[in-house]
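Welcome, and thanks for opening the viewer. Let's walk through a few stops together, selecting as we go.

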Amino acid sequence: MNREALKGHLDLLVLSVLADGPLHGYAVIEQLRIRSLDVFDLAEGTVYPVLHRLELAGHLTSEWSEVAGRRRRSYVLTRSGSAQLDQQRATWQVFASSMNAVLVRKPWPNTP
Amino acid sequence: MAEYTLIRDYLLAIDLGVQGRADAADLRDELSDHLHSAVDRLCAGGLDSVEAQRTALRNFGEPALVAQLLAAVPPKGSPMYTFFNRGASYFAFAAAALWVLAAAGFPFLQEALFPGVTETAYVTMVVMLAFAGLLAGLTLLAVNVRLAGSFDSVTTIVAALMVLAVASTVLAPWFLPAWLGLILAATSITLNRAKPTPLGNGSPSILLGTVWPILTIVVVVAAFVISTVSGVFTPELQDLIQAIALPAVCLVYAAGMVTLGLRLRTVSVSQSDRGPLIQA
């Protein structure tokens, strides 16, 4: 899928993935890929600024742990993030259903 | 942990773009964990370590772009971010309250309405206007920082205009074109920038970006005309006009500050609302 098409939807996608539980950055990207059936193929490095911005906005918190000798940062959805997810999801659903309504093919001949 | 030289070099390139940040070490550790996890996964899938590193780094993106995107988000706990974001709505509401008080105070400075205006009342009014300007300036800076993600050149211009506005208010409060003009310039620059985003569209941009500038220009020009054209307006009429017009300017600005404060409280500006977009 064209990466440009995902612009502006990354917040919603990341919040949605984290709604199922805490994940580190690599796992967030893996989940996006798996849940989109490999359609969302992101430049992985661009997801971290999104995670950091959502954390600054108070929608996520993060905690560090040690795994296989490496420091690992995991992100958790906050109550504010959950509310933000609900709001963005509702907006998206209205947008998507409106787009579908416009794009649907009408049977030919088009009778009023 | 295996030493992967390509990853090490990549992380050094990222370091150059984020050096000086308080959280530079955390960023490095986080990206390092990601890249090592990716390489481990690719090696488990049958790639040799060099090819796995190349693939992982290709998937991660150009280091210059990644570093630029990382640097655009202020560090967690950054005093500037905390100052201009968490407290921003309070600046706006406090500014609005002071502009309302200033509006209420203007009629009391008109000799025709309240003879015997004291120096104390005059100084009190000047101090109130200066603080109203200062808080409005902090609000405008907060909007700019939120939109730009940093204290960029436009934010610096707005800061300079508001510092001059506050100084003019204190030094020459009677010269409306100076301090009102400087506030008008700073406000217009900010609202013009915020207009296409959720932070400024609708009521803030209508009030502060259109109604208030027009009203202010009309009042400043009218004040200049009635004070210079002798014989047309009696002093009493001049005072009466100023007792109505200047409070109207203050009240509209206060209303605009309230709408901006509400937006600062509720709207989170996404990267896509800013200039450079994330290349997903």
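Is F151(B) buried, partly exposed or exposed? Select F151(B): at 34% relative accessibility, this residue counts as partly exposed (buried means under 20% relative accessible area, exposed over 50%, partly exposed in between, with a 1.4 Å probe and protein chains only). F151(B) sits in the loop between α7 (119-148) and α8 (153-171) of chain B. Helices here are DSSP runs of H or I with at least four residues, numbered from the N terminus.

Before moving on, some notes on reading the view. This is a predicted model, in which local features need pLDDT of at least 70, side-chain atom pairs count only at pLDDT 80 or more, and totals for chains, interfaces and linings use all residues. Residues are numbered from 1 along each chain as its sequence is written, chains are lettered from A and ligands numbered from 1 in the order in which they are written, and side-chain values use heavy atoms, with hydrogens and water left out.

Next, select residues 10-18 and 47-56 of chain A, which are helices α1 and α3. Their axes are 10 Å apart and the packing angle is about 75° (axes are lines fitted to C-alpha atoms over the stretch in contact, and angles run from 0 to 180 degrees between N-to-C directions). The two helices, α1(A) and α3(A), are therefore roughly perpendicular to each other, a label for angles of 65 to 115 degrees. Show side chains: L10(A), D11(A), V14(A), L15(A) and L18(A) meet V47(A), V50(A), L51(A), R53(A) and L54(A), where contact means heavy atoms within 4.5 Å.

Now turn to the aromatic rings. The structure holds five aromatic pairs over all chains (ring centres of Phe, Tyr or Trp, the last by its six-membered ring, within 6.5 Å; planes under 30 degrees apart are stacked, over 60 edge-to-face and the rest tilted). Select Y48(A) and F60(B): their ring centres are 5.9 Å apart and their planes at 35°, so the pair is tilted. This pair crosses between chains, from helix α3 of chain A to helix α3 (residues 49-60) of chain B. Both Y48(A) and F60(B) are buried.

For the last stop, select W92(A) and F95(A), a tilted pair with 5.5 Å centre to centre and 40° between the planes. W92(A) is partly exposed at 36%, and F95(A) is partly exposed at 44%.

How values were computed: Parallel < 35°, antiparallel > 145°, perpendicular 65-115°, else oblique.
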